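Please look through the sequence and the model below before reading on. The report then walks through a few parts of the chain in turn.

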Amino acid sequence: MKPSRQIAIGILLLLGGVAQAKGPKTNAEGQPGVFDYYALALSWAPNFCASHTDPHECATGRQYGFVLHGLWPQYLKGYPQSCSTQKITPELTARYGPMFPSPGLIRHEWPKHGTCSGLQPADYFELTSRLKKGLAIPAAYLRPTSPVRVTNGEFMQAFKAANSSLAENGVLPFCSGAGRFLQEIHACYDKAGTSMSCSPGEVKRSRTSCGQESFLLQNVR
């Protein structure tokens, strides 16, 4: 889920990392392990790099498409954050940091989202890695060298075709630019890592976010 636009901008300035779209209000009173499902957030790097110059993610020749933003414990309405003060060790930061497009992002994702999982840091990032690797990206969306225009239905059907075990509404697109450009996707899983439908509120928010007749996946650089 997303912080307010103002908070997201502050995070971006601090991390130089991927952007988050505006979303429902958080619940800051979270407890570790008390949540309903996970959302694996993968950002569309060309959208971020169209307006940012982060050298880790946006340097010419990177050709990043979908990049890991994080694995987020979610409530059916809202989400917990910063559920404990447990730290991630430098060793784990070095081991799992390369999963993310920007080195500072792991240091943000663990305290804000990972601490709410109820898992130890190594287990949380192992689950993140497994879910990321287990989600097949449709070939047309891997590294398009020219922009790809697609409807919401076509986009979701392509993910279903590439992932036979994907639940209905198990992957949702979110858009920026008044619904014109793909910004990121959320893939939803139960606590065991099995695909499940995202919450009704997220489904509605996705359809509102990508509310144009079609949206554009900007090409990689």
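Predicted model: local features only at pLDDT ≥ 70, side-chain atom pairs only at ≥ 80, totals over all residues.

**The strands**

Residues count as buried when their relative accessible area is under 20%. The covering applies to both faces of the strand: on one side lie Tyr37, Ala39, Ala41 and Ser43, on the other lie Tyr38, Leu40, Leu42 and Trp44, and all of these are buried.

Which strands does β1 pair with? One partner is β2, and these two strands pair in the antiparallel sense over eight bridges; within this pairing, Tyr37 stands opposite Gln74 of β2. The other partner is strand β5, made of residues 181-189, which runs antiparallel to β1 and is joined to it by six bridges. Here the residue Tyr38 has Tyr189 of β5 as its bridge partner.

The strands β4 and β5 form a hairpin with four residues between them, and in the turn Gly177 has a positive phi of about 60°. Of the nine residues of β5, eight are buried, so β5, too, is largely enclosed by the rest of the structure.

**The disulfides**

How many disulfides does the structure hold? There are four, and when the bonded cysteines of the chain are numbered in sequence order, the pairing reads 1-2, 3-4, 5-8, 6-7.

| Cysteine pair | S to S distance |
|---|---|
| Cys49 and Cys58 | 2.1 Å |
| Cys83 and Cys116 | 2.0 Å |
| Cys188 and Cys198 | 1.9 Å |

The link of Cys49 and Cys58 is left-handed, with -80° about the S-S bond. Cys49 has a relative accessibility of 5% and therefore counts as buried, and Cys58, at 12% relative accessibility, counts as buried as well.

For Cys83 and Cys116, the torsion about the S-S bond is about 90°, so this disulfide is right-handed. Cys83 lies in the loop between β2 and α4 (90-96), while Cys116 lies in the loop between α5 (105-112) and α6 (121-134), so the pair ties together parts that are 33 residues apart in sequence. Both Cys83 and Cys116 are buried.

The disulfide of Cys188 and Cys198 has a torsion of about 100° about its S-S bond, so it is right-handed. Because Cys188 lies in strand β5 and Cys198 in the loop between β5 and α8 (200-209), this pair ties together parts that are ten residues apart in sequence. Cys188 is buried, and so is Cys198.

Attention now turns to empty space in the model. Rolling a probe the size of a water molecule over the atoms shows where such space is left. The second largest pocket has a volume of about 220 Å³. It is lined by 14 residues, and those closest to its centre are Tyr64, Phe66, Val67, Lys132 and Arg143. What kinds of residues make up the lining of the second largest pocket? They divide into ten nonpolar, two polar and two charged residues. Strand β2 (residues 66-74) gives the largest share of this lining, namely three residues; this is the strand that pairs with β1 over eight bridges.

**A residue in a loop**

The last stop is Pro98, whose place is in the loop between α4 and α5. Is Pro98 buried or exposed? With a relative accessible area of 65%, Pro98 is exposed, because the cut-off for an exposed residue is over 50%. Leu68 is 30 residues away from Pro98 along the chain, and the C-alpha atoms of these two residues are separated by 10.0 Å.

Terms used. Residues numbered from 1 in each chain as written. Heavy atoms only, no water. 1 Å grid on protein atoms, 1.4 Å probe; cavity = no way out; pocket = protein on both sides within 12 Å on 5 of 7 lines; lining within 4 Å. Points joined across faces, edges and corners; volume = space filled by probe spheres on them. Nonpolar A, V, L, I, M, F, W, Y, C, P; charged D, E, K, R; others polar. Buried < 20%, exposed > 50% of the residue type's maximum accessible area, 1.4 Å probe, protein only. Pairing = 2+ DSSP bridges. Disulfide = S-S within 2.5 Å.
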